[in-house]
Amino acid sequence: MWWMRHDRMWTTRDLKGQYDVVIVGAGVHGLATAYYLAKHGITNVAVLDKGYLGGGASGRNTAIIRSNYRTPEGVTFYDESVKLYERMSVELGYNVFFSQQGHLSISHTESGISGLRVRAEVNKLMGVDSRVIDADEIKALVPSIDISKRQRYPILAALYHPPGGIIRHDAVVWAYAREADRMGISIFPFTEAVGIGTSNGRVTSVQTNRGTIQTGTVVNATAGWCSTVSKLVGLKLPVITHPLQAFVTEPLTPFLDHVIVSATLHVYVSQTDRGELVIGSEIDPYSSYSTRSTLPFLESTAAHTLELFPSLRHVRVLRQWAGSCDMTPDYSPIMGEVPQLKGFILDVGWGTYGFKAGPVAGKRIAELIATGKTPKILEPFSITRFSEDRLVGEKAAAAVSH
Ligand SMILES: Cc1cc2nc3c(=O)[nH]c(=O)nc-3n(C[C@H](O)[C@H](O)[C@H](O)COP(=O)(O)OP(=O)(O)OC[C@H]3O[C@@H](n4cnc5c(N)ncnc54)[C@H](O)[C@@H]3O)c2cc1C
């Protein structure tokens, strides 16, 4: 009987001396890429992780999925991912608990509202469901929110994005790992890439703490650590790693069935189907690889949560944590081949917003490897945009919202 089976989610295989593709990083991006490579029939692939699967940001994020970004390039890209997430449970045969409960980006100022209007118009133009609603409509959707005028920053309006929601992030990682493994991909936890060999302008090998692998293609999918892995080939990325923290409360009776974000108050809140509130903010203001959580973050974020939901004042915090985020200057990712080094492929710069992009990035990076051509949807995000002065500015839509 299927519910009594205790199959292992992925196999332990021997590390060989040669793979066609080596993916460094077994988060959602590395594993999604592996899964889609297998769909192209490319299975002589090793996915390496220096820790356990999903131990990076993929197992630490607050799992917000949405596509209501600001630029046409960003909206098109993230929308494809939302659609892939909608089909994921069925496609991978694993319930990833995608709850499209709707996403509200709240504004407390007139200038904030104009920013939301721009996003709503870009979204609509690209076929994404988003519109600006007033405080009464917000209250109708979220009865527990305080829209009174006595607040320091009274709520005026919100960008309402019905397809947005939350997902079970561990389930996504495990589902990709299980399916990739079944399709013949080799996954190696606790295997660190410590060097990358190159010759005549192309990648030739990856040195690991368990031996050397010959390969012509390396994917850097290491998010918070991506600068350190790129440094192995002498490439300096326009990326700075910052910590990002979050916390959950004790479980409460379900009362919140929308994701609420306030950039002014630097806070966002959602409720899981277990009843816990998941609460977060923007990146810590200093660069660091530390994943220690801090009291000032907890105090300020909790205080701002109470400005939206004063009725939560007696709720207790259950746990708090941090992850590492690879921030780019324009808050957009860097994807694709590096012009000066054949076979070195970037899937990085995921900052605070990369979990939602795992499926589309994996699918399109795999397509790039399988066909040798950069898919159109990836073109705006190439590393050359920084030297060509064509940034994809998403800070207004990505900073607190993730
Ligand atoms: C608190 C928090 C909240 C967030 N909330 C959201 C959100 O709501 N929505 C959203 O879309 N995004 C969110 N994010 C961002 C999102 O989690 C990340 O952008 C995304 O998970 C990156 O996935 P990844 O697979 O690229 O990297 P990761 O999951 O970080 O995986 C990278 C892996 O690379 C491995 N690695 C590093 N160096 C090496 C090496 N030398 N050799 C081998 N392995 C190596 C690491 O061990 C790690 O497992 C949040 C992040 C945090 C920290």
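What does Glu 80 form a salt bridge with, and how far apart are the closest N and O atoms? The partner is Arg 364, and the gap is 2.9 Å. This pair ties together distant parts of the chain, since Glu 80 sits in helix α2 and Arg 364 in helix α8 (residues 358–371), 284 residues apart. Both Glu 80 and Arg 364 are buried, where buried means under 20% relative accessible area, exposed means over 50%, and partly exposed is in between (1.4 Å probe, protein chains only).

A word on the model before going on. It is a predicted one, so local features need pLDDT of at least 70 and side-chain atom pairs count only at pLDDT 80 or more, while totals for chains, interfaces and linings use all residues. Residues are numbered from 1 along each chain as its sequence is written, and side-chain values use heavy atoms, with hydrogens and water left out.

**Salt bridges**

Side chains of opposite charge can pair when their charged atoms come close. Here a salt bridge is a side-chain nitrogen of Lys or Arg within 4 Å of a carboxyl oxygen of Asp or Glu, and the whole structure has 18 of them. Glu 80 and Arg 364 belong to a network of salt bridges that also takes in Glu 367. Helices (H or I, at least four residues) and strands (E, at least two) are DSSP runs, numbered from the N terminus.

Three of the pairs are set side by side below.

| Pair | Closest N to O |
|---|---|
| Lys 83 and Asp 79 | 2.7 Å |
| Glu 80 and Arg 364 | 2.9 Å |

Lys 83 and Asp 79 are both in helix α2, 4 residues apart, or about one turn of the helix. Lys 83 is partly exposed at 42% relative accessible area, whereas Asp 79 counts as buried at 13%. In the pair of Arg 131 and Glu 137, Arg 131 is partly exposed at 37%, and Glu 137 is partly exposed too, at 36%.

**Cavities**

On a 1 Å grid over the protein atoms alone, a cavity is a set of points where a 1.4 Å probe fits but cannot get out; a pocket is an open set with protein on both sides within 12 Å along at least five of seven lines; lining residues have an atom within 4 Å of a point. Grid points are joined across faces, edges and corners, and a volume is the space filled by probe spheres set on the points.

The structure holds 2 cavities of 30 Å³ or more. The largest has a volume of about 40 Å³, and its lining includes His 108, Asp 146, Gln 151 and Glu 307. Sorted by class, that lining has 5 nonpolar, 2 polar and 2 charged residues. For these classes, Ala, Val, Leu, Ile, Met, Phe, Trp, Tyr, Cys and Pro count as nonpolar, Asp, Glu, Lys and Arg as charged, and the others, Gly among them, as polar.

Tyr 35, Tyr 36, Leu 84, Met 88, Glu 91, Leu 92 and Tyr 176 line it. Two or more of the lining residues come from each of α1 (28–39) and α2 (72–92), and α2 gives the most, with 4 residues. By class, this lining has 6 nonpolar, no polar and 1 charged residues.

**The second largest pocket**

This pocket has a volume of about 540 Å³. It is lined by 27 residues, and the closest to its centre are Ile 167, Arg 168, Thr 272, Arg 274 and Val 278. At least two lining residues come from each of α5 (169–182), β15 (267–271) and β17 (317–327). The class count for the lining is 10 nonpolar, 9 polar and 8 charged residues.

**Around the ligand**

The ligand has 36 residues around it, the closest being Asp 49, Ala 57, Ser 58, Ile 64 and Lys 356; a residue counts as near if one of its heavy atoms lies within 4 Å. Backbone atoms reach the ligand as well. A polar backbone atom of Ala 57 is 2.8 Å from a ligand oxygen, and a backbone N or O atom of Phe 355 is 3.0 Å from an oxygen of the ligand. At Lys 50, a polar backbone atom is 3.0 Å from a ligand nitrogen.

How values were computed:
Polar contact = N/O pair within 3.5 Å; in protein donor to acceptor, adjacent residues only side chain to side chain.
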